[in-house]
Amino acid sequence: MRYVIIGAGAVGGVIGGRLAGSGHEVVLVARGAHFEALRDHGLRLRVPEGELTHLLPVVDGPAALGELRPDDVLVLAVKTQDSVAALQTWGPAPVAGGGTAAELLPLFCAQNGVEGQRLALRLFRRVHGVCVWLPSTYVEPGVVSAAGSPLTGILHLGRHPHGTDETARLVAADLEKSHFEAPVVADVARWQYAKLLSNLGNALEAVTGPVSDGDALALFRRVRAEGAAVLDAAGIAYASTEEQQAVRGDKVTLVPLDGAPRGGGSSWQSLTRGTGTIEADYLNGEIALLGRLHGVPTPLNELLQHLADTFARERRAAGSMPVAELMRLADAAVVNTR
């Protein structure tokens, strides 16, 4: 199998680099300065064992690659807000022997949240969900890092909306030879919704900085409890904290990396890079959507969604809102829903 990594940033670049490092054929898809750096200097992957350079084919779209192969596996690793454009670009791509990518090829959605795979299923027949437990960072154009040890990450795989298949098992086997654990499960959405609850803190971290103790941690617990109440009202199953910890244990422990400090998660990185977009609409916004559908107030998640979107649009500095100010806004938001 050949892996085509659509969006070779922090998550996609690390997955692609690790697969390449274990001898698998990989094509990277990128754009802008990142594309140019990958093309000219290769993918530089900073991991606990050092900096690894992989000279891999890199393209900015399917036209540059030519006909896809029947044994290609597409890995969608763009942020959810960029999914529609990527899906519409790659879905019609021709496959050698006849047919298109959307008709014939498996697509693995290695993304936060749950919306990307739903969007994909509108176009692609063979969609797989991936629950991404992979602490990684886009360091600079051409350079990504992953500080996890002894494993780089844990990636639960399964068909969307449910079930498993031989393709998932083959991909899992390749990943498990590439510094990942990759359980194949029939209920991958249950793991993704559990991860979604954790990702509700991404916007909080992006707006006000690290969420490790004090008022910020207390607010995150309230935000997560709000999300859990919504999932419960919607009848959506999710893995418990205890079940997640039992699977993860100490398998992905972060270690310091020279030249690759990890300042924050994916949303924090979006603000730091000044991309102008952020995925809060598909994290906190997913909870807001479900809350409206099922009659559950979600003032804290709505507030964080709004603040994260504002910070991204206005290109405000990550972590620049004092915790005390955010707490005041949060308390006011809750009072206004009563």
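**Close-up 1. Helices α8 and α10 cross with a right-handed sense.** The view comes from a predicted model. Helix α8 spans residues 188–199 and helix α10 spans residues 214–234. They pack at an angle of about 150 degrees. Their axes lie 8 Å apart. Angles over 145 degrees count as roughly antiparallel, so α8 and α10 are roughly antiparallel to each other.

**Close-up 2. Residues at the contact of α8 with α10.** From α8 come Tyr193, Leu197 and Ser198. Helix α10 contributes Phe220, Arg224, Gly227, Ala228 and Leu231. By class, five of the contact residues are nonpolar, two are polar and one is charged.

**Close-up 3. The largest nonpolar core of the model.** This core holds 35 residues. Leu219, Leu231, Ile278 and Leu326 have the most contacts inside it. Two or more residues each come from α8, α9 (201–208), α10, α13 (284–294), α14 (299–313) and α15 (323–336). Helix α14 gives the largest share, seven residues. In soluble globular proteins, nonpolar side chains tend to be buried together.

**Close-up 4. Surroundings of Leu219.** Leu219 is among the residues with the most contacts inside the largest nonpolar core. Leaving out residues up to four places away in sequence, Leu219 touches Leu204, Leu300, Leu326, Met327 and Ala330. One of these partners, Leu326, is also listed with Leu219 among the residues with the most contacts inside the core.

**Close-up 5. Another nonpolar core, apart from the largest one.**

Note on methods: Residues numbered from 1 in each chain as written. Predicted model: local features only at pLDDT ≥ 70, side-chain atom pairs only at ≥ 80, totals over all residues. Heavy atoms only, no water. Axes fitted to C-alpha atoms, helices over the stretch in contact; angles between N-to-C directions. Helix = DSSP H or I, 4+ residues; strand = E, 2+ residues; numbered from the N terminus. Parallel < 35°, antiparallel > 145°, perpendicular 65-115°, else oblique. Left-handed = near helix turned anticlockwise from the far one by under 90°. Contact = heavy atoms within 4.5 Å. Nonpolar A, V, L, I, M, F, W, Y, C, P; charged D, E, K, R; others polar. Core = buried A, V, L, I, M, F, W, Y, C linked by side-chain atoms within 4.5 Å. Buried < 20%, exposed > 50% of the residue type's maximum accessible area, 1.4 Å probe, protein only.
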